[in-house]
Amino acid sequence: MSSKAIREYDAKLLLAYWLERAPPVAPEAKVKTNFKYPSVKVAQISWDPATNTITPDSKLPGWVFNTKLVAKPDQLIKRRGKAGLLSLNKSWEESRDWIAQRAGKPQKVESVTGTLNNFIVEPFLPHASNTEYYVCINSLREGDAILFTHEGGVDIGDVDAKALVLNIPVNKPFPSREVIADTLLKHVPAEKKDTLVDFLIRLYSVYVDLHFAYLEINPLVVLDGEKGAPPQVCYLDMAAKLDQTAESICGPKWAIARDLSVYETNEAEATKTAAGGKAGKVTADRGPPMVWPAPFGRDLTKEEAYIQKLDASTGASLKLTVLNAKGRIWTMVAGGGASVVYSDAIAAHGYADELANYGEYSGAPTEGQTYEYAKTIIDLITRGTPNPKGKVLIIGGGIANFTNVAATFKGIIRALKEFKNQLIAHQVKIFVRRGGPNYQEGLKAMRLLGESLGVPIRVFGPETHITEIVPLALGVDIKKSRPGAPSGLLSAQLDTPPNATIATATDPNEAVGSIHADGERTQAADHIVHFDTKASTTARPSYRPFDDNTRSFVYGLQPRAIQGMLDFDYSCGRKTPSVAAMIYPFGGHHIQKFYWGTRETLLPVYTSFKEAVSKHPDVDVAVNFASSRSVYSSTLECFEFPQIKAIALIAEGVPERHAREILWLAEEKGVLIIGPATVGGIKPGCFRIGNSGGMMDNIISSKLYRPGSVGYVSKSGGMSNELNNILSLVTNGTYEGIAIGGDRYPGSTFIDHLLRYEQDPDCKMLVLLGEVGGIEEYRVIDAVKKGIIKKPIVAWAIGTCAKMFATEVQFGHAGSMANSDMETADAKNRAMREAGFVVPDTFEELPQVLKDTYERLVKGGAIKPKSEVEPPVIPMDYKWAQELGLIRKPAAFISTISDERGQELLYAGMRISDVFKDEIGIGGVLSLLWFKRRLPPWATKFIEMVLMLTADHGPAVSGAMNTIVATRAGKDLISSLASGLLTIGSRFGGALDEAASMFSNARDTGLTPREFVDNSRKANKLISGIGHKIKSVNNPDLRVELVKEYVHKHFPSHSLLDYALAVEKVTTAKKDTLILNVDGCIAVCFVDLLRDSGAFTPEEADEYIKIGTLNGLFVLGRSIGFIGHHLDQKRLRAPLYRHPADDIFINMADVSQPRVLARTQ
């Protein structure tokens, strides 16, 4: 979202802090007088619905208690004075009572009723009426406008009629002080002019620096200076909007102005607070983030706030506005444009008062996100007492570009199943219409759900007009309400035989091994396709920026979009790919491989436009996928190269000031800009921008592989797909289609593209799909009235439902909000109809009027239908085919212990959140990942005990020594750790497995402890786990004692430990150091755990012993110590170790011994 209103309290804080600090808008824009900046004295009083109380006195600034005050609601309410919502010249006690009487109470302002919950308090300023002025700065496409009148206040009247206006065009020099004074301050006393000029310069500097979109001060009071001081400027009422998309740029600036501590203490102390000093709470910036309040009368419900939070945490778009919680008709629509046309259709049939919500989900949300969104809506539907008429849920949407419809439907299906009983109780009927990637599987899943859920579900695909399900859902008989209305979409295509001619890229008869002119050689089984791109392209007329020779750069690593463009090229029979190269500043130079039909081709990747342009002089189009943060700088870089004639900006959320600078710079340089916030556009049979047109099945079904006769322009990318679909069914198809983007300032507008279509002799018929908000449709109307556009034009503006809503609703696109009656969809449709456009009565009738207009052109001979061309078959990508379930292959690997693919990481089926909730510890995690089951607490505690006991055994053992030597040689942690771990084996640390095996086998075969010892001696085999260099019977190893004590106390059985202790009695009778050592003790106890815990079968227990589980415990535990030794040596900065020579016995062989000499020849 872009321009959004903020509270008066926040607007005044922004000015209070930045009026003095903001950088000047231009080097010459400097303060001339001894300007005194207004001080900040505003306080916010909020009502807490939980306690039904207002902000306590203890949280208010001191000046509130000793000053006469003004109090008023701060909830984006206009004309508060006329509504009786001002308290003037009162003490705090009086003001507090005035606020308390109104807080939490419903208040009607004009036609809107809302709850008063936020107030602003500031000092009362006595002043004469002749000191009041009015100033407003507003942003328009052409630039910013400063409006000023010398008469301000409540009774200002018609500002547009009486205000003096100073226009500041985009990318033009800032006006001089003289121009400002002469233009705006004609009626201001001379002694105040310089002060007001200074104020306006600083005000506009703040406006630009903080990315305001609107700022109004009424009245602006200028008091006479006292004792030779300059006049004092004060602002009383204020209304403001900020460009929310500029938050990445201005967020820190907005935040610091909202940090009240900067006004009370010095800034250094405030910095400490923001960084987590005494205040304790750490914030991202120095101050709280900006708050975006809902319009008055539209307090966010808990569910709306939840979806808003969900939307902020994802790259997808999730929107929800509850219009009437008791309404019968609910929608869950995919796509910004589609969400509007569904609301329009419901309102057009007279059911606006029954429409319960407005919202949309788009941008490929995950299954989990879609589930949360659907669950929230379905929960709202099924609340309260069931309506005897039942309820309707419309799950609609346009034809998606790249969203896997079946995948998003999985989330919706989960939510529907969860609310099965509630849906039945509320008699909910569900109607589904969707198109796009994998829509068939999605609709099939919905149809099957209806059969099992017990809830009526009817499903429709793209062959059904997007809103045709609305009258079905509402029970409206179209034939009765509108006689002669169309029923479904019927194809108007001629039934002609296919006539396919597909271009081949290389000569298949070229001999293997032959050398080409460029030095390359044809290799046997060479599947790489090479293209001749050095030939100069013929110049195209200005009205035709794209043709079948168009070549482009793609900025950003977008392999999916590029493959889609190349598949489109191949289906059109192009001789060369439309993508010449990628530009990716972060990846370095490399080559990427893509498919060209069934074969492959290579595309270079460059780090800058400069290098790419030097290597590809034939490229004149750039498709910029840069993010909203970097699209500005990358586009300015692109402007440096005159060969680039068209740029598509895909990113959403581009700051409006940046978008305006781009579009006007582009106009100066003669560059066509499409976007931002667009899917792009498509020229059937010639060129495709990014993901325009959707996936290949939609490209083929909409016949976009060859040109038609109809040129259209739309704001919405999703609705562009709908137009492609409709035009393929009721006309001979699309000639060219452009989605200009839904932002307030698109780089090119409707008129820019329609004028191109008018000039293009191959484009016979025009289509304009406008929407509520903005005035761009009127430029087209003017062109039609003047006879500039003569071709038949079918048009419709979506958003006709807006008039039905009691409060302000922001639709899916940033620019789709009417700021005047002229900008409403109804006014636009009426004006277009009066100008001679072909305008249907409703959007549902659009296919029919398109069909009628097309047939008139065919009948009149303007359009001559051609034989249909059969496109080549494009093989489906393996990954996509696998996702659709069309193919299968054996997995290369099998894993049964963990899974990170879902919403939450799983350890052997246990959610990671439950791991922490149940506090199973590291022993519990190890039991899940090693044994795929939860072991009892005594067992997991024993595992943790083993890890602690084996963590280290001093620096002298071989593993620790190797780690230390490697560390001192300058190796990193991983290398040093690996060096130590590689010493673990049968001689060091690896005795656990062998000890477990020897003791288990001895006992299992029935050997007595003495027989086991005697047999081992006869076999000249040492018993693993027996013996110690230092410890003895009289000097026991305390680690062993700890293990024995724990096992005897907690293990349900310890038979093998008892057996091992009996063996120890036999061995120590011969020598007192032949004790059961820690390796042996751990080994036998772990065997007791495996065999006697009840968690394993005997076969499983034996298998875990054989596959090295016990050695794994030693490796895991000892890694702790090895890492410790590495860190210790690094801290000590120990030098390279060289072993002393006198500690090494060197015995060289006798020099006279014969040697084998190497041959010299």
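Reader: How many aromatic pairs does the count come to?
Author: The count comes to 28 aromatic pairs, and keep in mind that this is a predicted model.

Reader: What makes Tyr-555 and Phe-609 a stacked pair?
Author: Their ring centres are 5.6 Å apart, and pairing asks for centres within 6.5 Å. The planes sit at 15 degrees to each other; under 30 degrees counts as stacked, so that's the label.

Reader: Which parts of the chain does the pair link?
Author: Distant ones: Tyr-555 is in strand β21 (residues 552–555) and Phe-609 in helix α18 (residues 609–615), 54 residues apart.

Reader: Why is the pair of Phe-1096 and Tyr-1104 called edge-to-face?
Author: Those rings are 5.6 Å centre to centre, with 75 degrees between the planes. Over 60 degrees counts as edge-to-face, so there you go. Phe-1096 is buried at 8% relative accessibility, and Tyr-1104 is buried with 12%.

Reader: Which residues form one aromatic cluster with Phe-1096 and Tyr-1104?
Author: Phe-931, Trp-938, Phe-942, Tyr-1046, Phe-1051 and Phe-1086 are in that cluster with them.

Reader: Where does Arg-21 lie relative to Tyr-17?
Author: Arg-21 lies over the face of Tyr-17, at 3.8 Å from the ring centre.

How values were computed
Residues numbered from 1 in each chain as written. Predicted model: local features only at pLDDT ≥ 70, side-chain atom pairs only at ≥ 80, totals over all residues. Heavy atoms only, no water. Phe/Tyr/Trp six-rings, centres within 6.5 Å; stacked < 30°, edge-to-face > 60°. Helix = DSSP H or I, 4+ residues; strand = E, 2+ residues; numbered from the N terminus. Buried < 20%, exposed > 50% of the residue type's maximum accessible area, 1.4 Å probe, protein only. Lys NZ or Arg CZ within 6 Å of the ring centre and 35° of its normal.
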